[in-house]
Amino acid sequence: MLNARTTTGLVAHSKALEAAGTAIKLVMRVPTPLKSIADQVIRSASSVPANIAEGQGRSGRDRQHFWRIAYASAKEVDSHLRLLAD
């Protein structure tokens, strides 16, 4: 099987995959009343490496657009994890 961490050749992509895996593992233990926030963490965390990879396959402004989306999703994950931590 192909190692997913090497498909783009970008360090940012492998770091994003690692961070998404960690975030997803953390929110799997969230109590039921907070499940909607946990679900959003899973969606936004998985969006980061996906958009980095898609951006790598694009060029010019299109590439930058996907990388901006990845950055915004990372900020969203950060915000939700901070909320859950408090």
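Begin by selecting α1, which has 17 residues and reaches 25 Å from its first C-alpha to its last. That reach is close to the 24 Å expected at 1.5 Å a residue, the expected span being 1.5 Å times one less than the number of residues. Helices here are DSSP runs (H or I, at least four residues), numbered from the N terminus. The model is predicted: local features need pLDDT of at least 70 and side-chain atom pairs count only at pLDDT 80 or more, whereas totals for chains, interfaces and linings use all residues. Residues are numbered from 1 along each chain as its sequence is written, and side-chain values use heavy atoms, with hydrogens and water left out.

Within α1, next select His 13, Ser 14, Ala 16, Ala 20, Ala 23 and Val 27, the buried residues of this helix. Buried means under 20% relative accessible area, exposed over 50%, and partly exposed in between, for a 1.4 Å probe and protein chains only. Display α2 and α3 as well, for the buried residues of α1 pack against both.

Now show the largest nonpolar core: Ala 20, Ala 23, Val 27, Val 30, Ala 38, Val 41, Ala 45 and Val 77, eight residues in all. Both α1 (11-27) and α2 (35-56) supply at least two residues each to this core. A nonpolar core is a set of buried Ala, Val, Leu, Ile, Met, Phe, Trp, Tyr and Cys residues joined through side-chain atoms within 4.5 Å. In soluble globular proteins, nonpolar side chains tend to be buried together.

Centre the view on Val 27. Which residues does Val 27 contact, leaving aside its neighbours within four places in sequence? They are Lys 35, Ala 38, Val 41, Ile 42, Leu 81 and Leu 84, where contact means heavy atoms within 4.5 Å.

Turn then to the charged side chains. The structure holds three salt bridges, each defined as a side-chain nitrogen of Lys or Arg within 4 Å of a carboxyl oxygen of Asp or Glu. Select Glu 54, Arg 58 and Asp 62, which are linked in a salt-bridge network. Arg 58 meets Glu 54 at 2.8 Å, N to O, and Asp 62 at 2.7 Å, N to O. Glu 54 is partly exposed at 34% relative accessible area, as is Arg 58 at 32%.

Finally, select Asp 78 and Arg 82, whose closest N and O atoms are 2.9 Å apart in a salt bridge. These two residues lie four apart in helix α3 (residues 60-85), so about one helical turn separates them. Asp 78 is partly exposed at 32%, whereas Arg 82 is exposed at 54%.
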